[in-house]
Amino acid sequence: MPQVSEADIKIGIVTVSDRASAGVYEDISGQAIIDTMNDYLTSDWQAVYQVIPDEQDEIEQMLISMADDQNCCLIVTTGGTGPAKRDVTPEATEAVCDRMMPGFGELMRAESLKFVPTAILSRQTAGLRKDTLIVNLPGKPKSIRECLDAVFPAIPYCIDLMEGPYMECDEAVIKPFRPKK
Ligand SMILES: Nc1ncnc2c1ncn2[C@@H]1O[C@H](COP(=O)(O)OP(=O)(O)OP(=O)(O)O)[C@@H](O)[C@H]1O
Ligand SMILES: Nc1nc2c(c(=O)[nH]1)N[C@H]1C(S)=C(S)[C@@H](COP(=O)(O)O)O[C@H]1N2
């Protein structure tokens, strides 16, 4: 049974992009994460959304604030996962996490390879900071759904195991996997 009311589902969305944060282009990828969560979730949820540049300190402070102060059970980042010199989102994620969840990156790269031969250029990872799951996605708008469709089925059960809020999904859109007790 849910331990926490559905309205307590807060999801952090962090777009890490020098150009989107400077207003050079519109942040389509962060909005795609919000749209995807709206498609997946039938539970009420609240987005905590920020667009920041590729600065490791700033990314770390944002993840800490969303996890510890704003009580997000899940934070999804987009951008800054590649080999370019300023791509440091995985380093920031690892720096703030207590335990890493390497299966997320492995699965997203494997699934992404079905769409782009450059999938292995993403160093995207995931990890746990106290009560929060942090998942990195690449920056390209189309990568959002490609990656989330692959890993999201495991996320509600992951959050159950972390004793977080119970996420109800639209099973016609995404089927969360919860092993029977
Ligand atoms: N948040 C975003 N919103 C819209 N388009 C994006 C976003 N992030 C990336 N893109 C698009 O994907 C392309 C490649 O993504 P990439 O991660 O290399 O972003 P980027 O341009 O390096 O970001 P930055 O501004 O930090 O340099 C970009 O040139 C842009 O067209
Ligand atoms: N699903 C998916 N994964 C993807 C891509 C994509 O278009 N779709 N782009 C790749 C490319 S071209 C790069 S450079 C890396 C890193 O992207 P980032 O630096 O924007 O995070 O993600 C890779 N992973």
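Predicted model: local features only at pLDDT ≥ 70, side-chain atom pairs only at ≥ 80, totals over all residues.
Side-chain values use heavy atoms, without hydrogens and water, residues are numbered from 1 along each chain as its sequence is written, and chains are lettered from A and ligands numbered from 1 in the order in which they are written.

The shell of ligand 2 holds 18 residues, each with a heavy atom within 4 Å of the ligand. Thr81, Gly82, Ser112, Gly139 and Glu146 are the closest. Helix 6 (residues 141-151) gives the largest share, 4 residues. Helices here are DSSP runs (H or I, at least four residues), numbered from the N terminus. By class, the shell splits into 5 nonpolar, 9 polar and 4 charged residues. Asp, Glu, Lys and Arg count as charged; Ala, Val, Leu, Ile, Met, Phe, Trp, Tyr, Cys and Pro as nonpolar; the others, Gly among them, as polar.

## Ligand 2: polar contacts

Polar contacts are pairs of N or O atoms within 3.5 Å. An N or O atom in the side chain of threonine 81 is 2.5 Å from an oxygen atom of ligand 2. Glycine 139 places a polar backbone atom 2.9 Å from an oxygen atom of the ligand. Glutamate 146 uses a polar side-chain atom, 2.8 Å from a nitrogen atom of ligand 2. On its own, ligand 2 has 530 Å² of accessible area, and the protein covers 87% of that. Areas come from the Shrake-Rupley method with a 1.4 Å probe.

## Ligand 1

Ligand 1 also has a shell, of 13 residues. Asp18, Arg19, Asp27, Ile28 and Asp54 are the closest. Helix 1 (18-21) and helix 2 (28-40) each supply at least two shell residues. The classes are 3 nonpolar, 4 polar and 6 charged.

A backbone N or O atom of aspartate 18 lies 2.7 Å from an oxygen atom of ligand 1. For tyrosine 25, a polar side-chain atom is 3.1 Å from a ligand oxygen atom. Aspartate 27 has a polar side-chain atom 2.9 Å from a nitrogen atom of ligand 1. The protein covers 69% of the 590 Å² of accessible area that ligand 1 has on its own.

Terms used: Polar contact = N/O pair within 3.5 Å; in protein donor to acceptor, adjacent residues only side chain to side chain.
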